[in-house]
Amino acid sequence: MISHDAARTGAPIVLLHHLKQFRMNGYFDFDCFLLRDGALRSEFEGLSATYKLEVPGVVERIRNKFLKTISGEQKAVEKLTKRYQLAFGNTAVTCSFLKEMKLLQGAKTVCHVHELEYAIKHFVGQERFRDAIPYIDHFLAASYAVKDNLVKNYKIPASKVTVHYEYIPVPADAAIAPKHDVFTVCGSGTLDWRKGIDIMMQVALVLKHKANTSFKFLWIGGEKGTIEYERAKFDLERMGLTDVFELIETCTNPHDYIRSCDLFFLTSREDPFPLVCLEAAALGLPIMCFDKAGGMIEFVNENNGWVVPYLDVNRAAATLLEVMNDRANAKEKGVLAQKEVSQYDIIIGEKKLSKFLLNLMNGQHSMAPKKEDACQETI
């Protein structure tokens, strides 16, 4: 199992959810490889032998580093101390490593792609990704938006791409927390451009001029002292929003903050199928997101939230004003969101993934379902 890093972000957390179930059910014996380190490394180490590999600049160094790490010295593939039947790469960033596993060991290779086009272009590299495609036996896509991008822009046959959504441990009896008098909107993510904290600030600014009731925005994510954090503080101060907009660093207890809010606002410009939206829904929050911004519109509907035109700050603010004046409607949608998110429970996801991987190792795999059956797919 290969993770692009061990940061406290969506893709590594999803992988850990699956690995914990794998270990509990005993379907697979596995080792973990981290292309970069992070706060979750100890959790990986608690599940299996874990090796850290910094992503080198050239493929040859990947091969050399891999051989050295596994065998203790650079030897031919037949001298490796352990052989793997299958290499599972979590995110497109792992593509070069998957290529090397195919070349060095002839392992079956699977890449679970969590990225859309901007992320592939800027965090992986289009040519690097294209170079690895012939060496990957099958792709899993975190949403239909991701699958569409792989098929359209990288010419991967649709039969080689199966949708496997994000999954979370859904609490069986999570009571919806009572809300405060102050209407509170939650956002979350890193502070890079894709996640759109600047969009949330603009919406907050419109509300500050138009709302006739108290409100607050929370943003969970980022690290004090980083340039992104300082930029966010800079804007908040000059926009006059420090009294209604709170920045909360990346933390180990985000659910404590989320459950106190009335609505989760996904401001991302591009996001495949963000885990935090499922977590918010499981806590009884309705979701608001942008159209044309990724896969969350495959979950959000008129029953459990709101989809507004791409980066339309005024429409988003108008929607929030309506919700603030009808909090009962938000609560009702939150109840439905909590009900609908049950189909994304990790127990369901792990069974699907285990079945798929076992079939692939035996030389077969299920075909991807029709798009209209997105929530009923079997892999």
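Leucine 140 stands opposite threonine 162, a residue of E7. The model is a predicted one. E7 pairs with strand E6 (residues 138-141) in the parallel sense, over three bridges.

These two strands belong to an open sheet of seven strands, ordered E3-E2-E1-E4-E5-E6-E7, with parallel pairing. Strand E3 (50-52) and strand E7 (161-163) each have a single partner strand, so one side of each is left without a neighbour in the sheet. In general, strands of a sheet pair through backbone hydrogen bonds, in either the parallel or the antiparallel sense.

| Helix | Strands it lies across | Angle |
|---|---|---|
| H4 (residues 95-105) | E1 (2-3), E2 (32-34), E4, E5 (108-113) | about 170° to E5 |
| H7 (residues 144-154) | E5, E6, E7 | about 170° to E7 |

The structure also contains three cavities of 30 Å³ or more. The second largest cavity holds about 50 Å³ of space. Which elements each supply at least two residues of its lining? They are helix H1 (10-25) and strand E4 (86-90). H1 gives the most, with five residues. The lining is made up of Met1, Val14, Leu15, His18, Leu19, Phe22, Phe88, Asn90, His112 and Leu353. By class, seven of the lining residues are nonpolar and three are polar, while none is charged.

Conventions: Residues numbered from 1 in each chain as written. Predicted model: local features only at pLDDT ≥ 70, side-chain atom pairs only at ≥ 80, totals over all residues. Heavy atoms only, no water. 1 Å grid on protein atoms, 1.4 Å probe; cavity = no way out; pocket = protein on both sides within 12 Å on 5 of 7 lines; lining within 4 Å. Points joined across faces, edges and corners; volume = space filled by probe spheres on them. Helix = DSSP H or I, 4+ residues; strand = E, 2+ residues; numbered from the N terminus. Nonpolar A, V, L, I, M, F, W, Y, C, P; charged D, E, K, R; others polar. Pairing = 2+ DSSP bridges. Contact = heavy atoms within 4.5 Å. Axes fitted to C-alpha atoms, helices over the stretch in contact; angles between N-to-C directions.
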